[in-house]
Amino acid sequence: MSADLDSLRLPTAAARAREASTGIARSTASRWLLLVAALVVLATIAVGSLFIGSGTISAAEVWRALSQGGDDTNAILVTGFRLPRMLLAIGVGAALGLAGAMMQAVTRNPLADPGILGVNAGAYIAVVLAVAIAGTADLSSYVWWSFAGAGLASVIVYVIGSRGRAGATPVRLVLAGVALSAALQGVTFAITIRNPDIFDKIRFWQAGSLQNRQMDVFLGVLPFLIVGVVLALVVSRSLNAVALGDDLATSLGTKVLRTRVLSVVAITLLCGSATAAAGPIAFLGLMSPYLARAIVGPDQRWVLPFTMVFAPIIFLLSDLVGRVAVPGEMPVGIVTAFVGAPLLIVLIRRSKAQGL
Amino acid sequence: MTAVAEPGRRTVRVGRVSWVVHRRELVVVGALVAVVVGVGAFALTQGEYRIPLDKLLAAFTGTGSESVLRIVLEWRLPRVVIAVIGGIALGLSGAIFQSITRNPLGSPDIIGFNSGAFTGALIVTLVVGGNYAATVSGALIGGLATALVVYLLAWSRGVQGFRLIVIGIAISAVLNAFNDYLQLRADLNAAIAAASWGMGSLADLGWQDVVPMTIAVAVLVPLLALMSRRLGMLEFGDDIASALGIPVERARLLLLVLGVALTATVTAVAGPIIFVALAAPQLARRLTKSAGITLVPSAAMGAALLLVSDVVAQRIIAPAALPVGAVTVTLGGIYLIALLITQAGKR
């Protein structure tokens, strides 16, 4: 089931030595330059997103609301809705991108993504249980349930997917994620179908959306996002060693288990808070690290920061497309699925594994 | 019926079609039929009105009271018959897919067929607006188109199992996102109805659904019997099969169409029901200890699985009833997890 899939893995030992300097940007200077350029692009799109919405507010009005505030309708729409939405898009985007990059590094699996590996489904069912059983009503208190679900699901999927001598091959992990999502889906459905109220609340959250999120949602998840990001950047160096394979990493003096545990904690914090705030969003964690690796190669110390800038760019653009493309808004999670799934197909088709 | 080839095996011949029967297979199929009959009888007695067994027997001889006759023959029997015939179709479909992909996960559920059928039905019910027949056609077109797209995307000098599966997962993700979107735009009642159908449900089905489904299965099964020898040879691998004179890609495509048609028959009536096609052939193979996928035990296992799942769906949170698909998707997930764990243990 697995031997033929090795070419789908992230580069290990020998391959990595060869590929150490792959990617479009190879020198440190050009990488810094590109990172700064990407940040400028992100800032531009972020500011632009304040001016574009499903309703029309003139640019002058937006500017006035931002600079002077006020409590007329337009000012409230801009500072009360568009601004937190933009901040949330950046936070959630960065979180999911980072989580995806870390999952890919820890599992040495380029197909890893919080949505594909069932972590979102775990967070989802936890939130459904919170609404159905505990009667939790506001988004900011979803977050603890979401953590519990995300953490539990990521551990379960990893344990199932990495059993056996062959270890955690990409396809085994993907299947474990799909299997867990399926098992949880039936239970979630059984809970929601009995209660139309919950069903109605959940169906909007479920599609993955940034609509109608106000500042309290952003501020509610912000501390967790910050801890998650710091943790991710701290372990990024050890992730490089883990990518070499467990044996080599251990002989290089890396504490593999500690790196794994810290990574799972970071992934849980990032996915859990992102999912609580925006609902399950698939494929963002797949796309962004892929793009980052194409530019800077496999060095995690570069992949993580680049991912952290690319993911919010993709996410903001997806949200803008969802806002503008159809009347009445298309949730951003649907847009990312439309963009990301084709990439998964391209990745699978391009893999050289003949047995695949 | 002629020729004993070796102990425990026997060749059965009907006209031009012949097949080898193992004694173990006979025992397994017999046991599954017993399960179907037993659970079927239980399903007929249970419900809002309990009907004792002697009254049930009376209903079948036509001597029961009018109300009992109506409850048993008009309300409950069609549902049991649909579960059995649908289960047979799904079991056979899964057996075909798993033979073609030579992979225990190659099933219509995994390659996105169900998501596509649901998309088709949703577009018809929520966007276009149409009657039952239109919904059914929408489901069929959606499912077939999805299967075709997945097959073409997986094509690269032939279609290989794993690529087919992962591409199926990717396409399912896109379709599921689109389905979510359609449901979001619908009003709450339409969305709940669509979600129930989307899970796969045997509720509210009657004889008018049994008849077309039975006709379709009755046409498809003999065609499959004619192709079964080729199916067996494909399992040896492309090289051996083509050395034996089988036009590999054409045979595979024909079989794929048969498999899709069998699943589509069920989906059209009951919505997308996952897991049965996935698990029935594997469970049947384990019980019969057969080397390859076997059609008849897979069909019997499919019937037993769907019928039992439907009874569970009706009883588990009684008096409320779940769509049968909510039960099968959970069982399917657990089964997949078990499959991944046991496969790891073997290596």
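Visitor: Is Asp72(A) buried, partly exposed or exposed?

Guide: Buried means under 20% relative accessible area, exposed means over 50%, and partly exposed lies in between, with a 1.4 Å probe and protein chains only. The relative accessible area of Asp72(A) is 30%, so this residue is partly exposed.

Visitor: What kind of model is this, and how are its parts numbered?

Guide: Residues are numbered from 1 along each chain as its sequence is written, while chains are lettered from A and ligands numbered from 1 in the order in which they are written. Side-chain values use heavy atoms, leaving out hydrogens and water, and local features need pLDDT of at least 70, side-chain atom pairs count only at pLDDT 80 or more, and totals for chains, interfaces and linings use all residues, since this is a predicted model.

Visitor: Which residue meets Asp72(A) in a salt bridge?

Guide: A salt bridge is a side-chain nitrogen of Lys or Arg within 4 Å of a carboxyl oxygen of Asp or Glu. For Asp72(A) the N to O distance is 3.1 Å, and the partner counts as partly exposed at 25% relative accessibility. That partner is Arg64(A).

Visitor: Which residues are joined into one network by salt bridges that share partners?

Guide: The structure holds six salt bridges over all chains, and the one between Arg64(A) and Asp72(A) is among them. Through shared partners, a network is formed by Glu61(A), Arg64(A) and Asp72(A).

Visitor: Is Asp299(A) buried or exposed?

Guide: Asp299(A) forms a salt bridge with Arg301(A), with the closest N and O atoms 3.0 Å apart. Arg301(A) has a relative accessible area of 40% and is partly exposed. Asp299(A), at 14% relative accessibility, counts as buried.

Visitor: How many residues apart are Arg79(B) and Asp310(B)?

Guide: Arg79(B) and Asp310(B) form a salt bridge, their closest N and O atoms being 2.8 Å apart, and both residues are buried. Helices (H or I, at least four residues) and strands (E, at least two) are DSSP runs, numbered from the N terminus. Arg79(B) sits in helix α3 (residues 66-101) of chain B and Asp310(B) in helix α12 (residues 295-315) of chain B, so the pair links distant parts of the chain, separated by 231 residues.

Visitor: Which residues does Thr294(B) touch, not counting those up to four places away in sequence?

Guide: Thr294(B) lies in the loop between α11 (276-288) and α12 of chain B, and its relative accessible area of 13% makes it buried. Contact means heavy atoms within 4.5 Å, and by that rule Thr294(B) touches Glu25(B) and Thr288(B).

Visitor: How many salt bridges are there between chain A and chain B?

Guide: In the interface, 48 residues of chain A are in contact with 49 residues of chain B. The buried area, which is the accessible area (1.4 Å probe) that two parts lose on being put together, summed over both, is about 4400 Å², and carbon and sulfur atoms give 75% of it. The count of salt bridges between chain A and chain B is zero.

Visitor: Which element gives the most residues to the side of chain A that touches chain B?

Guide: The elements that give two or more residues to that side are α7 (170-193), α8 (196-206) and α14 (332-350) of chain A. The one that gives the most, with 16 residues, is α7(A).
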